[in-house]
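Hi everyone, thanks for coming. Let me put the sequence and the structure up on the screen, and then we'll walk through it together.

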Amino acid sequence: MARLVYAAIASLDGYIEDLSGEFGWAAPDEEVHAFVNDLERPIGTYLYGRRMYETMVYWETAGTGEDQRAVSRDFTQIWRAAEKIVYSRTLQVPSSARTRIERDFDPAAIRALKAASGRDISIGGAQLAGAAMAAGLVDECHLLLNPILVGGGKRALPEGVRVQLELLDEHRFRSGVVHLRYGLRA
């Protein structure tokens with residue numbers, strides 16, 4: 001059975017976007033980006049909300065030439081190789097290959113996908129991940145916390161959802177970013 005993994009790059013105070021909707025402060029350096037690439041390698045399918053998909057679809061057309069950073073070329077290949085499912089009621093046509101649109105998030109369909117998939121599944125977008133956590137679908141949560149306080153914005157973790165976590169691993173980077181890997185207990 002595949003694992004459903006939620007990963008987020010966030011500020012230390014828990015936001016993936018600041019009050020202005022900006023997230024440039026979270027751009028990973030080479031060391032962190034290489035680590036993220038290694039986290040993403042086992043992923044066979046990405047589940048996205050519309051806004052996260054619109055951010056991530058950049059990788060569909062990102063360059064893979066020698067003029068690009070090696071970590072960027074690597075991630076481009078990882079992203080393009082995976083299937084994508086986008087949950088949106090407004091998006092009509094996907095902007096990337098290997099992508100389908102679903103109108104509604106169906107926990108039973110995700111359970112079936114986990115049971116049938118030979119590779120792990122990633123869920124992206126805080127709201128979608130929150131719904132999956134509330135439904136008891138998420139197996140692991142990876143937080144990459146940046147050494148910055150942004151004071152508000154879009155939260156990385158859902159409000160109103162209570163889940164017991166078990167710390168499985170941690171890693172510190174030279175930049176001050178900290179990776180925390182948690183298992184979610186049922």
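Predicted model: local features only at pLDDT ≥ 70, side-chain atom pairs only at ≥ 80, totals over all residues.

**A walk through the sheet and its helices**

Residues are numbered from 1 along each chain as its sequence is written, and side-chain values use heavy atoms, with hydrogens and water left out.

When I say helix or strand, I mean a DSSP run, numbered from the N terminus: H or I with at least four residues for helices, E with at least two for strands. Two strands pair if DSSP finds at least two bridges between them.

Back to our strands, then. Strand 3 (residues 43-49) runs parallel to strand 4, and five bridges join them. Leu47 has Ile85 as its bridge partner in strand 4, and opposite Leu47 in strand 6 stands Ile123. Strand 3 pairs with strand 6 in the parallel sense too, over five bridges.

How many residues of strand 3 are buried? Seven of the seven, so strand 3 is largely enclosed by the rest of the structure. Buried here means under 20% relative accessible area, exposed means over 50%, and partly exposed is in between, with a 1.4 Å probe and protein chains only.

Next, please look at strand 1 (residues 4-11). Strand 1 is mostly covered, with six of its eight residues buried. Strand 1 pairs with strand 6 (residues 120-124) in the parallel sense over three bridges, and seven bridges join strand 1 to strand 7 (residues 140-146), again running parallel.

Now zoom out. Eight strands form an open sheet in the order 5-4-3-6-1-7-10-9, with mixed pairing. Which strands stand at the edges? Strand 5 and strand 9 (165-172) do, each with a single partner strand, so one side of each is left without a neighbour in the sheet. From one strand to the next, the twist averages 20°. For angles like this, axes are lines fitted to C-alpha atoms, for helices over the stretch in contact, and angles run from 0 to 180 degrees between N-to-C directions.

What packs on this sheet? Helix 1 does, touching strand 3, strand 6, strand 7, strand 9 and strand 10 (178-184), and its direction makes about 175° with that of strand 7. Contact, by the way, means heavy atoms within 4.5 Å. Helix 5 (residues 107-116) lies across strand 1, strand 3, strand 4 and strand 6, running at about 165° to strand 3.

Let's turn to a helix pair. The axes of helix 1 (residues 30-40) and helix 4 (residues 70-81) come within 10 Å, crossing at roughly 20°. That makes the two helices, helix 1 and helix 4, roughly parallel; angles under 35 degrees count as roughly parallel, over 145 as roughly antiparallel, 65 to 115 as roughly perpendicular and the rest as oblique. On the helix 1 side, Glu30, His33, Ala34, Asn37 and Glu40 meet Val71, Ser72, Asp74, Phe75 and Ile78 of helix 4. The residues of this contact divide into four nonpolar, three polar and three charged. In that scheme, Ala, Val, Leu, Ile, Met, Phe, Trp, Tyr, Cys and Pro count as nonpolar, Asp, Glu, Lys and Arg as charged, and the others, Gly among them, as polar.

Now for some loops. Gly14 lies between strand 1 and strand 2 (15-17) and counts as partly exposed, at 23% relative accessibility. Leaving out residues up to four places away in sequence, Gly14 touches Lys154, Arg155 and Ala156. Leu157 sits in the loop between strand 8 (154-155) and strand 9. Leu157 and Gly14 are 143 residues apart in sequence, and 7.3 Å apart in space, C-alpha to C-alpha. Beyond its neighbours within four places in sequence, Leu157 is in contact with Tyr6, Met133, Cys141 and Leu143.

One last stop: the loop between strand 4 (83-87) and strand 5 (99-102), where you will find Arg98. Its phi is near 55°, a positive value in a residue other than glycine. Most residues other than glycine have a negative phi. Arg98 is partly exposed, with a relative accessible area of 43%. Thanks, everyone!
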